[in-house]
Amino acid sequence: LTGESIILNGFTLTNNTESLRFKLMTKQLYEISYSFEMYFDENSENKLNNMFQELALVGAFPAVQKENRRYHITLAIYDSIDFEKSKKVLQKFCMSHNQFKINLGFIGLFKGKENVIFASPMITNDLIKIHQDFHKEFSWQKKSCWEHYIPESWQPHCSLTVTTQDAQFPEVLQIIRNKFRPIDVKIKSIGFTFNGEKVNFNLKE
């Protein structure tokens, strides 16, 4: 993580609003941009869902429920894409890369207009390699890639809550502090959505 950080009982609180303009956290901008995301296997998703189901009780819905989406780690976001070419390139890419495990070992916060609480993975060679390989394979559309996802700037994370109100934040953070344990998850597939059509390909087993 970069920017101002506070370590609180194993939690990293980051104030980096300018460099992390998290446009991806607004539904409106999701409709006009294209996010390529790594998804976990079903067992991993169930573990995360079970761990954070109490968030709904305080009105801070988990990110996946609020946006009707899956837990994920984003590889890149583009302002525009060639749909057919992207689909073909992604399928070929997934056929040549293996599924792998990572450990979500830390909790962090992107502090700003939207309080985004996330789980951050331990950085591994597999994680760095698949991100670098992806951007090499998709270099033909790098001009429309959001700068925070290029290899030199990427901060991998899995969003847990989005737009947590300041008044709710202490209670939400307390729940996450109580519930969170470092968790091993498996990266199973990569996908994106284009005009309502979901595209998703499994990595090699």
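1. Helices are DSSP runs of H or I of at least four residues, and strands are runs of E of at least two, numbered from the N terminus.

2. This is a predicted model: local features need pLDDT of at least 70, side-chain atom pairs count only at pLDDT 80 or more, and totals for chains, interfaces and linings use all residues. Residues are numbered from 1 along each chain as its sequence is written, and side-chain values use heavy atoms, with hydrogens and water left out.

3. Leu 127, Ile 130, His 131, Asp 133, Phe 134 and His 135 are the buried residues of H5 (buried: under 20% relative accessible area; exposed: over 50%; partly exposed: in between; 1.4 Å probe, protein chains only). Their cover includes helix H4 (83-95) and strand E5 (100-110), contact being heavy atoms within 4.5 Å.

4. Asn 195, in the loop between E8 and strand E9 (197-202), is exposed, with a relative accessible area of 67%. Its phi is near 50°, a positive value in a residue other than glycine. Most residues other than glycine have a negative phi.

5. Lys 85 lies over the face of Trp 140, 4.2 Å from the ring centre (cut-offs: NZ of Lys or CZ of Arg within 6 Å of the ring centre and within 35 degrees of the ring normal).
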